[in-house]
Amino acid sequence: MSIRQLTSEIASLNKDIANLQEKYAKEKKLESDKKLKIISIQKTITKSTSASMLTAKQKQIAQLENEIAQSTKKQANLSKEIASKQKKHSDRSASLIKEQEKDAKEKSVSQDNVLKSYELKIKSLQQQMDKFQINDITE
């Protein structure tokens, strides 16, 4: 892969990871809100609470507990997705570093070749100048 492709993919992975982390945080907040709601309902249950009201509150609590379980499952799935994206990000980052090193080495070799060609050209010109100076002296 080229450096440009890897850089683009890494940027895309960064966005994906950020979105997944945001979804995870929202799920975590929903879970927390539901737990607080359960506590609030439990606090309203007293000795004087009627049987029908107690049953209704227990159903509410059970429903909230089911929602918490679903939220926990979503959080686990999001955590797996985040871990997967982070691994892919790490792999692509390592590939990018290798590509950048390869590119730097190629540029270095290219620059060395240009430098050698200039040195050869300078040497050739120097030799030609030396020949002209010798010819001028002998004449």
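The chain contains two helices and zero strands in this predicted model. Its radius of gyration is 36 Å, well over the 14 Å that the globule rule gives for 139 residues, so the chain is more spread out than a compact globule. Taken along the principal axes, the C-alpha atoms fill a box of roughly 130 × 20 × 15 Å. Of the 139 residues, 15% count as buried. The chain exposes about 11000 Å², and carbon and sulfur atoms supply 55% of that area. Among contacts between residues at least 6 apart in sequence, 83% join residues at least 24 apart.

Helix α1 covers residues 3-44. At 1.5 Å a residue, its 42 residues should span 62 Å, and the end C-alpha atoms are 62 Å apart, which agrees. The buried residues of α1 are L6, E9, I10, L13, I17, L20, E27, E31, I38 and I41. An α-helix has 3.6 residues a turn, so residues three or four places apart point the same way.

Helix α2 covers residues 51-138. The largest nonpolar core is made up of five residues, namely I38, I41, I61, L64 and I68. Both α1 and α2 supply at least two residues of this core, and α2 gives the most, with three. In soluble globular proteins, nonpolar side chains tend to be buried together.

Individual residues illustrate the contacts. When residues up to four places away in sequence are not counted, I41 touches K57, Q60, I61 and L64.

A76 lies in helix α2. This residue has a relative accessible area of 38%; because that value falls between the cut-offs of 20% and 50%, A76 is partly exposed. The C-alpha atoms of A76 and Y24 are separated by 8.9 Å, although the two residues are 52 residues apart along the chain.

How values were computed. Residues numbered from 1 in each chain as written. Predicted model: local features only at pLDDT ≥ 70, side-chain atom pairs only at ≥ 80, totals over all residues. Heavy atoms only, no water. Helix = DSSP H or I, 4+ residues; strand = E, 2+ residues; numbered from the N terminus. Buried < 20%, exposed > 50% of the residue type's maximum accessible area, 1.4 Å probe, protein only. Core = buried A, V, L, I, M, F, W, Y, C linked by side-chain atoms within 4.5 Å. Contact = heavy atoms within 4.5 Å. Expected span 1.5 Å × (residues − 1). Rg over C-alpha atoms; globule rule 2.2 N^0.38 Å. Areas by Shrake-Rupley, 256 points an atom, 1.4 Å probe, with all protein chains shown as cover.
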